[in-house]
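Visitor: I am new to this structure. Could you show me how to read it, one feature at a time?

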Amino acid sequence: MQYYGIVVHHSACPSINGKGYDFFIGKDGTIVPASEQTDPLYIHVCLEGDFSRRREAYSAEEKEQLFVLSKLIMKLSATFRFEQDDIFPHTITCPGSSFPWSELVISPEDRYH
Ligand SMILES: [Zn+2]
């Protein structure tokens, strides 16, 4: 099984409704894997909440969710050999144009450059 990449959502997205994702990251930072595969081509990850605000407006919990997301993406990328270009937003409003993509690094080394 080879995926094309990862699609990131937030739960404010109307097309989620509690399903349509492979991993859900709750407000407490818990990762909940879905029992069934969502999409044969992409791995869908959903952050609980609304991440369409600027990063400076994020709460401590939301920043923690971002950290958990970056860890999850790192692990999935190592497993499926994704590149930085293989991480996609769902739509222009999900998770929003100001989403801090640059924080989602694929390789742990890049974090310190
Ligand atoms: Zn979405």
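**Reading the model, feature by feature**

Guide: Start at the metal. The four donor atoms around the zinc ion subtend angles of 100 to 127°, so the arrangement is tetrahedral. Keep in mind that this is a predicted model.

Visitor: What are the ideal angles for four tetrahedral donors?

Guide: The ideal is 109.5 degrees. Four donors count as tetrahedral if all angles lie between 85 and 135 degrees, and the angles at this zinc ion run from 100 to 127°.

Visitor: Which residues are the protein donors of the zinc ion?

Guide: Two histidines and two cysteines. His9 and His90 each use ND1, while Cys13 and Cys94 each use SG. These donors lie 2.0 to 2.4 Å from the zinc ion.

Visitor: How are the donor residues spaced in sequence?

Guide: The spacing reads H-x3-C-x76-H-x3-C. Now look at Cys13 and His90, which are 77 residues apart and link distant parts of the chain. Cys13 sits in the loop between β1 (5–10) and β2 (23–25). His90 sits in the segment after β5 (87–89).

Visitor: Is Cys13 buried or exposed?

Guide: Read the relative accessibility. Buried means under 20%. Cys13 has 5%, so Cys13 counts as buried. His90 has 29%, so His90 counts as partly exposed.

Visitor: Next, the overall fold. How many helices and strands does the protein have?

Guide: The protein has one helix and five strands. Along the sequence the pattern is β-β-β-β-α-β.

Visitor: In what order do the strands form the sheet?

Guide: First the general idea. Strands of a sheet pair through backbone hydrogen bonds, either parallel or antiparallel. In this protein, the five strands make an open sheet with the order β3-β2-β4-β1-β5, and the pairing is mixed. From one strand to the next, the twist averages 25°.

Visitor: How many bridges join β1 to β4?

Guide: Six bridges join them, and the two strands run parallel. β4 covers residues 42–47. There is a tie to the metal site here. His9, a zinc donor, has Cys46 in β4 as its bridge partner.

Visitor: Now the helix. Where does Gln65 lie?

Guide: Gln65 lies in helix α1, which spans residues 60–80. With a relative accessible area of 0%, Gln65 is buried. Leave aside its neighbours within four places in sequence. Gln65 is then in contact with Ile25, Gly26, Lys27, Leu47, Glu48 and Phe51.

Visitor: How is a pair of aromatic rings described?

Guide: By the distance of the centres and the angle of the planes. In this structure the count comes to eight aromatic pairs. One of them is edge-to-face: Tyr3 and Phe80, at 5.1 Å centre to centre with 90° between the planes. Tyr3 is in the segment before β1 and Phe80 is in helix α1, 77 residues apart. Tyr3 is buried, with a relative accessible area of 13%. Phe80 is buried too, at 19%.

Visitor: Which residues do ring pairs link into a cluster?

Guide: Phe51, Tyr58, Phe99 and Trp101. Phe51 is also among the contacts of Gln65.

Visitor: What share of the residues is buried?

Guide: Buried residues make up 43% of the 113 residues. For contacts, take those between residues at least 6 apart in sequence. Of these, 67% join residues at least 24 apart.

How values were computed:
Residues are numbered from 1 along each chain as its sequence is written. This is a predicted model: local features need pLDDT of at least 70, side-chain atom pairs count only at pLDDT 80 or more; totals for chains, interfaces and linings use all residues. Side-chain values use heavy atoms; hydrogens and water are left out. Donors are N, O and S atoms within 2.8 Å of the metal (3.2 Å for Na, K and Ca); water is not among the atoms, so sites may look incomplete. Four donors count as tetrahedral if all angles lie between 85 and 135 degrees; four count as square planar and six as octahedral if opposite donors are over 155 degrees apart and all others between 65 and 115; anything else is irregular. Helices (H or I, at least four residues) and strands (E, at least two) are DSSP runs, numbered from the N terminus. Buried means under 20% relative accessible area, exposed over 50%, partly exposed in between (1.4 Å probe, protein chains only). Two strands pair if DSSP finds at least two bridges between them. Axes are lines fitted to C-alpha atoms, for helices over the stretch in contact, and angles run from 0 to 180 degrees between N-to-C directions. Contact means heavy atoms within 4.5 Å. Rings of Phe, Tyr and Trp (its six-membered ring) pair if their centres lie within 6.5 Å; planes under 30 degrees apart count as stacked, over 60 as edge-to-face and the rest as tilted.
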